[in-house]
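Let's take a walk through this fold, sheet by sheet and helix by helix. Have a look at the model first, then read on.

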Amino acid sequence: MSAPRDLGHATVPDESYLDHIAAETQARAEAAPEWTSEFTGAPTTSTEAIATALTGAADDITGLLHRIHELAETAYEEVESVAAIASVLESRGVAVETGLYGVETTLKATTGNGQGRTIAILAEYDALPEIGHACGHNLIASAAVGAFLALDELYRQNPEAVPGTVVLLGTPAEEGHSGKEVMARAGAFDGIDAAIMVHGYGYDCADQVWLGRRLLEVTYSGVAAHASAQPFMGRNALDAANLFYQGLGLMRQQMPPISRLHAVITDGGTRPSIITETSTVQCYVRSKYPETLKELSERVEDAAKGAALMTGTGVEIEWDEHPPSLPVRTNSALTKRWALHEIEQGRTPLPGGVLDESIAASTDFGNVSYRIPGIHPLIKTADSEVALHTREFAAAAITPEAETAAHDAAYGLACTALDYLVDDDLAAEVDVEFARAGGAIDVENYFT
């Protein structure tokens with residue numbers, strides 16, 4: 001007989017599922033076809049000049065990586081992080097605008113000859129409360145700035161080498177606040193033809209699933225009563241919250257396997273001797289496609305209302321305190337160019353379908369990708385078993401491996417952006433693919 005479990009401590013989660021995922025990922029990676037692109041992209045002379053420019057900007061890229069990590073400013077508080085980025089850009093003669101689109105901690109800079117298409121390179125720089133840059137946004141920012149500096153240097157050397165316009169767009173408040181959607185509604189992406197960015201991860205992966213996400217807050221109002229003397233005179237708001245919570249659990253069996261529901265009861269009463277008068281449940285609703293996210297949202301709302309009916313309580317339902325995030329729609333024509341440039345840096349980006357899609361989070365870049373074509377590849381910053389939003393990932397975000405990743409990512413972003421500006425056939429295919437996938441949708445009003 002095994003020894004009784006120590007009930008004073010939680011059990012240690014079994015890692016065998018993660019081990020299987022790692023083994024399956026390795027097998028699929030070995031069987032994946034080699035990356036190819038039917039487009040030529042930018043000339044070698046330009047990509048070589050980008051590499052040289054990045055060598056000259058290496059200290060700035062690494063310095064920003066560490067400085068933004070040290071600041072660890074949370075959503076809409078990234079004042080010093082923006083100042084640090086602006087300082088680097090201005091020291092190299094780049095004009096910087098901040099405080100645009102009604103948000104103090106936005107940033108914008110432009111380069112190029114303005115005679116063709118416009119592509120945006122996006123920088124994130126907000127941290128998580130308490131655990132800092134556990135999502136590696138310091139790398140996102142430093143890589144984006146490095147890419148922009150390299151393209152700006154190329155433009156200064158040869159204006160004809162950078163046709164069109166490159167926009168560096170600083171996008172605050174990704175963590176839980178959907179800052180890009182706030183900016184988009186104020187016109188940040190008007191006149192921009194495509195957008196690209198990169199995210200740190202445990203793998204080099206050119207295309208991975210990112211789920212759409214909505215936030216729901218449900219408040220139940222009941223009738224207080226003495227829980228012993230006159231419980232029949234009460235209407236228990238905690239019972240309603242409990243029924244809703246249990247309903248979410250039962251619903252999971254009839255959801256698409258890639259959809260997600262997770263909730264917390266943030267207010268459940270004050271004393272056991274009082275029938276609870278008010279309770280509050282916060283819930284995240286996630287799914288792989290806009291359509292399934294909308295349908296699941298409707299089912300969750302029905303469950304919230306059903307709990308009120310069963311308990312005789314009132315209910316208030318509030319969706320999306322912060323704008324919802326759509327899933328990411330990845331443009332494969334741009335993805336192939338990114339992958340080939342990362343191969344030049346000695347990396348082997350995994351194609352879509354190699355990593356298990358069940359390990360999926362959300363990002364407000366999804367909202368951008370349903371307005372204009374875009375990519376959101378991942379670059380290896382930490383060991384594969386280190387998850388995003390952990391203290392371990394925060395520590396990995398300033399290691400020598402992260403410094404190398406920021407440099408390699410800057411090269412990939414710069415070259416992919418230039419490919420799009422230079423190669424008319426590539427740009428045409430990007431547009432055709434975007435239209436074939438459904439084109440732009442009304443993101444702001446999609447759920448209303």
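A word on annotations: UniProt positions are given here in the numbering used in this report, feature names are shortened, and annotations may be inferred rather than shown by experiment. With that in mind, an unreviewed UniProt entry lists residues 217-306 as "domain: Peptidase M20 dimerisation".

What you see is a predicted model, in which local features need pLDDT of at least 70 and side-chain atom pairs count only at pLDDT 80 or more, while totals for chains, interfaces and linings use all residues. Residues are numbered from 1 along each chain as its sequence is written, and side-chain values use heavy atoms, with hydrogens and water left out.

Helices (H or I, at least four residues) and strands (E, at least two) are DSSP runs, numbered from the N terminus. Two strands pair if DSSP finds at least two bridges between them. Strand S7 (residues 212-221) pairs with S10 in the antiparallel sense over six bridges, and Val-218 has Ile-317 in S10 as its bridge partner.

Contact here means heavy atoms within 4.5 Å. Axes are lines fitted to C-alpha atoms, for helices over the stretch in contact, and angles run from 0 to 180 degrees between N-to-C directions.

**The six-stranded sheet**

The other open sheet to look at has six strands in the order S1-S2-S4-S3-S5-S11, with mixed pairing. Its edge strands are S1 (97-98) and S11 (374-375), each pairing on one side only. Strand S5 (residues 194-196) and S11 pair in the parallel sense over two bridges, with Ile-196 standing opposite Ile-375 in S11. Helix H4 (residues 79-91) packs on this sheet, touching S1, strand S2 (107-111) and strand S4 (165-170), and its direction makes about 20° with that of S2. Helix H12 (residues 400-422) lies across strand S3 (118-123), S4, S5 and S11, at about 160° to S3.

| Helix pair | Angle | Axes |
|---|---|---|
| H4 and H5 (residues 137-157) | roughly 15° | within 11 Å |
| H3 (residues 58-71) and H4 | about 165° | 9 Å apart |

Angles under 35 degrees count as roughly parallel, over 145 as roughly antiparallel, 65 to 115 as roughly perpendicular and the rest as oblique. H4 and H5 are therefore roughly parallel to each other. Their contact is made by Ile-85, Val-88 and Leu-89 of H4 and Ala-141, Val-145, Phe-148 and Leu-149 of H5. Ala, Val, Leu, Ile, Met, Phe, Trp, Tyr, Cys and Pro count as nonpolar, Asp, Glu, Lys and Arg as charged, and the others, Gly among them, as polar. The H4 and H5 contact residues divide into seven nonpolar, no polar and no charged.

H3 and H4 are therefore roughly antiparallel to each other. Among the residues making their contact are Asp-60 and Arg-67 of H3 and Glu-80 and Ser-81 of H4. The contact of H3 with H4 has six nonpolar, one polar and three charged residues.
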